[in-house]
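Dear colleague,

Please find the structure below, followed by a summary of what was found in it.

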Amino acid sequence: MTADVLPDPKRLRSLLATFATGVTVLTVGGATPRGMTANSFTSVSIEPPLVLVCVDRTAIMHASLHRAGAFGVSVLASDQEELARYFADHDRPPGFAQFEPVGWLPGENTGVPLIRGALAWFECGLWRMYDGGDHSIVVGNLISATRLVDGAGPLLFHQGGFHRLD
């Protein structure tokens with residue numbers, strides 16, 4: 001077995017893809033709501049309750065997060081692959097129009113769009129943003145957390161594709 005000291009970006013992406021992640025839809029509300037598929041979501045702290053997502057600095061969502069000051073995270077269920085692909089498509093319409101074909105509700109505390117059928121919803125205030133190279137590490141303080149579906153499996157992303165546990 002040979003270790004790559006510093007693999008090229010393509011090889012590094014391939015190596016990182018060996019780690020399976022859950023799949024979420026990150027959303028912001030306001031006059032110009034926005035959604036995007038994100039698999040870089042994790043808990044940071046229980047006290048205070050903090051979570052993080054990583055967002056590419058060139059993504060429309062990056063500027064939207066700064067303006068909105070709050071965001072939502074919908075943890076996708078195993079039967080929501082189509083939604084994950086939809087919110088990863090850069091050609092979807094902007095603003096409210098991108099949510100027209102999607103079942104969603106405004107968050108009770110922030111008004112951010114939250115995806116129906118998700119396993120869980122998190123409403124967050126924007127707490128901090130940190131430099132993360134070509135991405136920003138966005139830390140949110142939890143305003144609310146809701147488990148929606150018991151017994152359903154999560155949608156997973158591994159080796160460049162979607163997978164299910166159930």
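Two strands are said to pair if DSSP finds at least two bridges between them. Strands (E, at least two residues) and helices (H or I, at least four) are DSSP runs, numbered from the N terminus. This is a predicted model, in which local features need pLDDT of at least 70 and side-chain atom pairs count only at pLDDT 80 or more, while totals for chains, interfaces and linings use all residues. Residues are numbered from 1 along each chain as its sequence is written, and side-chain values use heavy atoms, with hydrogens and water left out.

An open sheet is formed by three strands in the order β1-β11-β12, with antiparallel pairing. Its edge strands, β1 (21-22) and β12 (161-164), each pair on one side only. Strand β11 (residues 155-158) is joined to β12 by four bridges, and Leu 155 stands opposite Arg 164 in β12. Across β11 and β12 lies helix α3 (residues 81-88), which runs at about 155° to β12; axes are lines fitted to C-alpha atoms, for helices over the stretch in contact (heavy atoms within 4.5 Å), and angles run from 0 to 180 degrees between N-to-C directions.

Strand β10 (residues 135-147) is joined to β5 (residues 50-56) by seven antiparallel bridges; Val 55 has Ser 136 as its bridge partner in β10. β10 also pairs with β9 (residues 120-132) in the antiparallel sense, over 12 bridges, and Trp 121 stands opposite Thr 146 in β10. The β9-β10 hairpin has two residues between its strands, and Gly 133 in the turn has a positive phi of about 75°.

Yours sincerely
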